[in-house]
Amino acid sequence: MYTEQELTNIRNQQKKRWLILLIPCLILLAVIVYSLTIRLEWLTSAATVVIGVLLIFGYEMFIRPLHQYAVHMDNCLHGRTRELDCTYLGTDADLSLVDGVRFYAMSFQQLDDDGDPFERMLYWDAEKPVPALQSGDQLHIVYHDRMIAQLNRV
């Protein structure tokens, strides 16, 4: 489901966004240095506040979501994964935000060691198209934590 190329693209996009965010901050830093040399306290204070707001807003809106998605992809590609065979029950129509990444909750039925069925919920990445599954389909799933890394019909 995920590829190394996708992870590389996300990381490159992160670097571009950092660069776009840091260019105005460097200009404002030059304004701060200039205002310190000519002793304009109001300009120093204003530029410092603008840098702070720009960094906090820019990071939270443009960089952090990409970072969290890159961590998710890295975990699915290189992290510890588990496998299970189960029966598909359904997908929740509402989006869930888990660790800063948007997911759809999917329900599955699995058998425990004694052969008794129990229900399990895993998360499907909202950035990927939801597979066309019917209730009762037998699936083989590879997952990391509660996030599906790979889903195949049996």
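Predicted model: local features only at pLDDT ≥ 70, side-chain atom pairs only at ≥ 80, totals over all residues.

Reader: What makes Glu6 and Lys128 a salt bridge?

Author: The cut-off is 4 Å between a side-chain nitrogen of Lys or Arg and a carboxyl oxygen of Asp or Glu. Glu6 and Lys128 come to 2.6 Å, N to O, so the pair qualifies. The two partners belong to distant parts of the chain, 122 residues apart: Glu6 sits in helix H1, Lys128 in the loop between S3 and S4.

Reader: Why is Lys128 called buried?

Author: Buried means under 20% relative accessible area. Lys128 has 14%, so buried is the word.

Reader: What makes Asp137 and Arg153 count as a salt bridge?

Author: Their closest N and O atoms are 3.6 Å apart, and the limit is 4 Å, so they pass. Asp137 lies in the loop between S3 and S4 and Arg153 in strand S5, so parts 16 residues apart in sequence are tied together. Asp137, at 18%, is buried, while Arg153, at 51%, is exposed. In total, the structure holds 5 salt bridges.

Reader: On to the nonpolar side chains. Why is Trp124 called buried?

Author: Trp124 has 6% relative accessibility, and the cut-off is under 20%, so it counts as buried. Trp124 is in strand S3. Beyond its neighbours within four places in sequence, it is in contact with Met1, Arg102, Phe103, Tyr104, Met106, Pro129, Val130, Pro131, Ile148 and Leu151. Its side chain also reaches the backbone oxygen of Lys128 at 3.4 Å.

Reader: Which residues have the most contacts inside the largest nonpolar core?

Author: That core has 16 residues, and the ones with the most contacts inside it are Tyr2, Ile10, Tyr69, Met73, Val98, Phe103 and Tyr123. Helices H1 and H2 and strands S2 and S5 each give two or more residues, and H2 gives the most, with 5. Trp124 belongs elsewhere: a second, separate core of 13 residues includes it along with Leu84, Phe108 and Ile141.

Reader: And at the surface, why is Val49 called exposed?

Author: Exposed means over 50%, and Val49 has 53%, so it qualifies. Val49 is in helix H2. Together with Val53, Phe57, Met61 and Phe62, Val49 forms a nonpolar surface patch with about 510 Å² of accessible area.

Reader: Last one: what makes Asp99 and Asp145 worth a look?

Author: Their phi angles. Asp99 has a positive phi of about 55 degrees although it is not a glycine, and Asp145 has a positive phi near 60 degrees. Asp99 lies in the loop between S1 and S2, Asp145 in the loop between S4 and S5. At 54%, Asp99 is over the 50% limit and therefore exposed; at 42%, Asp145 counts as partly exposed.

Notes: Residues numbered from 1 in each chain as written. Heavy atoms only, no water. Core = buried A, V, L, I, M, F, W, Y, C linked by side-chain atoms within 4.5 Å. Buried < 20%, exposed > 50% of the residue type's maximum accessible area, 1.4 Å probe, protein only. Helix = DSSP H or I, 4+ residues; strand = E, 2+ residues; numbered from the N terminus. Patch = residues over 30% accessible without salt bridge, like charges linked within 9 Å, V, L, I, M, F, W, Y side chains within 5 Å. Areas by Shrake-Rupley, 256 points an atom, 1.4 Å probe, with all protein chains shown as cover. Contact = heavy atoms within 4.5 Å. Polar contact = N/O pair within 3.5 Å; in protein donor to acceptor, adjacent residues only side chain to side chain.
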